[in-house]
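Keep the view open while reading.

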Amino acid sequence: MTAVQAGASPAPASASESFSNVTCVFCGLHCDDLEIERTGQSLQVTRNGCGKAKAGFERPLVKTEPRVGGQPVSLNEAVAAAAKIIRSSALPSFGGLGTDIDGMRAVMSLADKARGVVDHAMGEGYAQNMRVLQTRGWFMTTLTEVRNRADLLIFTTDVLKYHHRFFERVIHAPQTLFADGPVKRTIVLIGEGYDTGPISGPGVDEIVTISCASDRIGEVISALATLSKGAPLPAETIAGVPKPQLEDLKARCEKANYGVIIWIPSAFAFANADLTIHRICDFVKEMNVKQRFAGLTLGGSEGSTSAAAVAAWQSGYPLRVSFASGAPQFDPELYAIPRLLKSGETDALVWLSSLTPDLAAPQTSIPTIVIGTFDMKLDREPDVFIPVATPGIDARGQIMRVDGNVVLPLRDLHRASGLANSIAVLNAIEAAL
Amino acid sequence: MLIKFTGGKVYDPANGIDGQVRDIYVRDGRVVTPSATDTISAEYNLAGKVVMAGGIDPHSHIGGGKMNIARMMLPEDHQHDEVARGDLTRAGCGHAAPSTFLAGYRYAEMGYTAAFEPAMLAVNARQTHTEMADTPMIDKGAYVLLGSDDYFLRLLTRGANKEEIKDYIAWTMHAAQALAVKVVNPGGISAFKFNQRKLDLDEKHAFYGVTPRDIILTLGRSLQELGVPHPVHVHGCNLGVPGNKVTTLETIRAAEGTPIHLTHIQFHSYGTEGDFKFSSGAAEIAELVNQHKNVSIDVGQIMFGQTVTASGDSMRQYGNTKSAHPKKWVVMDIECDAGCGVVPMKYRDKSFVNALQWAIGLEMFLLVNDPWRVFLTTDHPNGAPFTTYPHLIRLLMDKTFRNEQLRRIHPGAQAATILGSITREYSLYEIAIMTRAGPAKSLGLRDRGHLGPGACADITVYDDNPDREAMFTTPAFVFKNGEMIVRNGKIVKVVTGATHVVRPEYDRKRTEKPLKDYFDTYHTVQMENFRLHDDEIITAGCGHAPGTCGCLIVQPVGARK
């Protein structure tokens, strides 16, 4: 038996099973308090799941075979076909990267041997943060600190669209470590498009809205920094925000015991968004001269936080790494897969999406291998398709939370999907090169 | 299969062997005493060569969140140091903050067969262990951070009984799969979150009301009573602050005879004399260390050049950001449990302060008499990358070379150090103590760091080159578990080392009941998921025989008192 033979078990070992403390893989928050019931091969989230979690876990399993050229083949044939494409490629790209830490370790091993380029589907958002980290650095915090400590939270995007349980798990805490009961919090919403309905709850004392276009948030933060240095503002309104409102916000910042500014890099869908993040991070640093403030970056969906972390420890560089020369090289512009596809520099695409079916491979005419969930959304039939297990449902694993320090265990929920483990698939492709 | 290592000059201080010519026999990865009837299946003629156990680094930041931040933040650190994939080895890069693979290869190529990550956050244990799993060639393990975590500080504040505190320490060691416990700026990482900017030994934490003295003593005594071999690993208050020698002297006395290990003591040995209000406290501290047999130290020597400092000490690292070179840095508050600070640093021999730091470290090495209580470290990468060890060894072994180097540093620093008047030169025997036998003994690694029967056959063979830097840079052979992994300083076989842990006794049920409530009420992670299970740190495909996996070694602890 080779390592890549699909699990042959036709049915789960037990008819039903209950799981608690299950980690969810469907957004970067990775809530780990889910309760899940399995009946046969069906899963039901019975407690603590948001809409995304329910939609993700409860997808009915459909038996899916590997395919080459649209025709069902054995797993070994699919692996051989994938290896052939990579072998004949001058610069293969390894993208998508919707996987966990162990999956990413296998991707890095394969890309290293295949002399390929590694970039995550969320690579652009991630690169915006990296540009700031690599030029200025930052002062950051994590979810449990925010939950127990933050009395001023400044949002720059509607976090609930990305993390349905953010307020429930991090803000609406009835009991906290350093206050009697909830922390009395002020929530500031800078930007546009907020749904303020779900924000109220235990501990939320006041909600302040500062309306401006997303691409002008940086100006508002700059104005705050100017005011907190005691310097005059150059105009009566900044980004459409009247001066008194800015002065009010400055006073709130200075009064805070622990202020936190939150952003999601991929939500800043405008040119030079890294400059906005840059302003936020500098403001946080400046505030720390006298008092305590911190940044919190969210998003991190589709395993992107894990992918970047593994890339960094295995190659030395965060994402957008090329092994073309044999040694790792880093360039967030040059080694962006969207750019490589456009310029025609890459001649084979390996696309991994083992967490969700939604991470569609980009449109391209170059040979494409998709290693994805059984129900992967495909815009066109790839040259090779290999359905794989989802870590956290069909396989064990580990995944890093978006705040970057907490790594959570992923469980096998025993539905005996028969799907191959993506690590075994990637290892087998590597062995066949 | 019996392997004979014939005729080398053996330096094995744990067994009192000081350069005598000995034959060593190895079977199944262990040093053995053969019987007369045994057949020798392989022999290495080591005549004229120097033989030691594999090197052991007891304090090196090789894995975990802060090192990964350093890697991500500093592409310029790696860009002249990219290494292509080899026939046996993975690609990687990095000078001060190397990739995990490169760290493993470079340690082995330098004759080291074990390195220990000294600052693992319990919340970050999974990442730390996974990074260590991706660090090939060497054995590893990690010290879990306690002392700024909310749960421990709460126990102290409410005067919890000592059994409850010991249970919690033991639980954390099990949960994080730790070999030892480290305290960093005791209470200070937490105090910084309450906007305290310093916390001296007897200064009260603004929220909990406890002092660093309470924290150090409680941890020290608890670990002793739990039977954990390595004493509390103390990164003291006021790191890098001129005048901190007073705190360090007081910390030694504060231990009240309880075993403690003071780490990277160079960074804690500063006075305030002279025109620059910065002077050496090494002589006073070394004298007190000499008097206190309960104290061991490692130095955290600095070397000139670019590096990065990565520490759990968010409070002091924030203070150090003004010296960042290049001008960028990261500080983090983490999970009401810990923190970190990553600040790139360029130590310059023409800077008075840096030059004196260099001299202070060397003074400390040379003024502490007992090599069993001083370990060779640069606090990688904080003082310098570990790859500078051979140079450091030469500085310790070669007075003429040392004095030549001294003449190149800032003249003010030359005048402010007594280094030039110190004539001591370390012997190979003493180097073997401080890089092998001493750390192994201190960490409780009973079958490591020596070459007696039963020892793990981690063996390094050097040419007896009078240029000790060259000698220690390029070992002739390195053997891991009896297998040759390095020849002439180059990898010839890639292996997976073990992870060492200790598991002091505790009452799990009694400990987890209040902890579970605590996690449920205040945290964003479930207690059950905080714990790291054995099967998560045993490397798949490690190459060990089924059922005999050598990936995880549980070192023995003493009986709980």
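## An enclosed helix in chain B

In this predicted model, helix 1 of chain B, residues 65-73, is largely enclosed by the rest of the structure, because nine of its nine residues are buried.

## Confidence

The model scores ipTM 0.97 and pTM 0.97. The average pLDDT of chain B is 96. In that chain, 98% of the residues score at least 70.

## Chain A as a whole

Chain A holds twelve helices and 22 strands. Its radius of gyration is 23 Å, close to the 22 Å that the globule rule gives for 433 residues, so chain A is as compact as a globular protein of that length. The C-alpha trace of chain A spans about 70 × 50 × 30 Å along its principal axes.

Of the 433 residues in chain A, 59% count as buried. Consider the contacts in chain A with a separation of 6 or more: residues 24 or more positions apart account for 65% of them.

## Two domains in chain A

Six residues from domain 1 of chain A and seven residues from domain 2 of chain A make up the contact. On the domain 1 side, three of the residues are nonpolar, one is polar and two are charged.

## Chain B as a whole

Chain B has 20 helices and 26 strands. Its radius of gyration is 23 Å, close to the 24 Å from the globule rule for 561 residues, so chain B is as compact as a globular protein of that length. Along its principal axes, the C-alpha trace of chain B spans about 70 × 60 × 45 Å.

Buried residues make up 61% of the 561 residues in chain B. Among contacts in chain B with a separation of 6 or more, 75% join residues 24 or more positions apart.

## Where the chains meet

The contact between the chains takes 56 residues from chain A and 50 residues from chain B. On the chain A side, the largest share comes from helix 5 of chain A, residues 143-149, with six residues. That side of chain A divides into 25 nonpolar, 21 polar and ten charged residues.

## The largest nonpolar core

In soluble globular proteins, nonpolar side chains tend to be buried together. Here, the largest nonpolar core has 328 residues. Ala82(A), Val107(A), Val144(B), Ala178(B) and Val181(B) touch the most other members. Helix 12 of chain B, residues 352-367, gives the largest share of this core, eleven residues. Domain 1 and domain 2 of chain A both give residues to this core, so it lies between them.

Ala178(B) deserves a separate look. Which residues does Ala178(B) contact, leaving aside neighbours within four places in sequence? They are Met120(B), Ala142(B), Tyr143(B), Val144(B), Met173(B) and Val501(B).

## Helix 5 of chain B

Helix 5 of chain B, residues 150-157, is mostly covered, with six of its eight residues buried. Those residues are Asp150(B), Tyr151(B), Phe152(B), Leu153(B), Leu155(B) and Leu156(B). They pack against four helices of chain B: helix 6 (162-176), helix 7 (188-193), helix 8 (212-226) and helix 18 (508-522). Just after helix 5 of chain B, Gly159(B) takes a positive phi of about 65 degrees.

## A residue in strand 26

Val554(B) sits in strand 26 of chain B, residues 552-555. Is Val554(B) buried or partly exposed? Val554(B) is partly exposed, because 13 other C-beta atoms lie within 10 Å, while a buried residue has 20 or more.

Leaving aside neighbours within four places in sequence, Val554(B) is in contact with Val501(B) and Arg503(B). Val501(B) is also among the contacts of Ala178(B). Val554(B) and Val241(B) are 313 residues apart in sequence, and 38 Å separate them in space, C-alpha to C-alpha.

Conventions:
Residues are numbered from 1 along each chain as its sequence is written. Chains are lettered from A and ligands numbered from 1 in the order in which they are written. This is a predicted model: local features need pLDDT of at least 70, side-chain atom pairs count only at pLDDT 80 or more; totals for chains, interfaces and linings use all residues. Ala, Val, Leu, Ile, Met, Phe, Trp, Tyr, Cys and Pro count as nonpolar, Asp, Glu, Lys and Arg as charged, and the others, Gly among them, as polar. A nonpolar core is a set of buried Ala, Val, Leu, Ile, Met, Phe, Trp, Tyr and Cys residues joined through C-beta atoms within 7 Å. A residue is buried if 20 or more other C-beta atoms lie within 10 Å of its own, exposed if 12 or fewer, and partly exposed in between; C-beta atoms are placed from the backbone. Helices (H or I, at least four residues) and strands (E, at least two) are DSSP runs, numbered from the N terminus. Domain bounds come from an automatic or database domain assignment. pLDDT is the predictor's confidence in each residue, from 0 to 100. The radius of gyration is taken over C-alpha atoms; the globule rule is 2.2 Å times the number of residues to the power 0.38.
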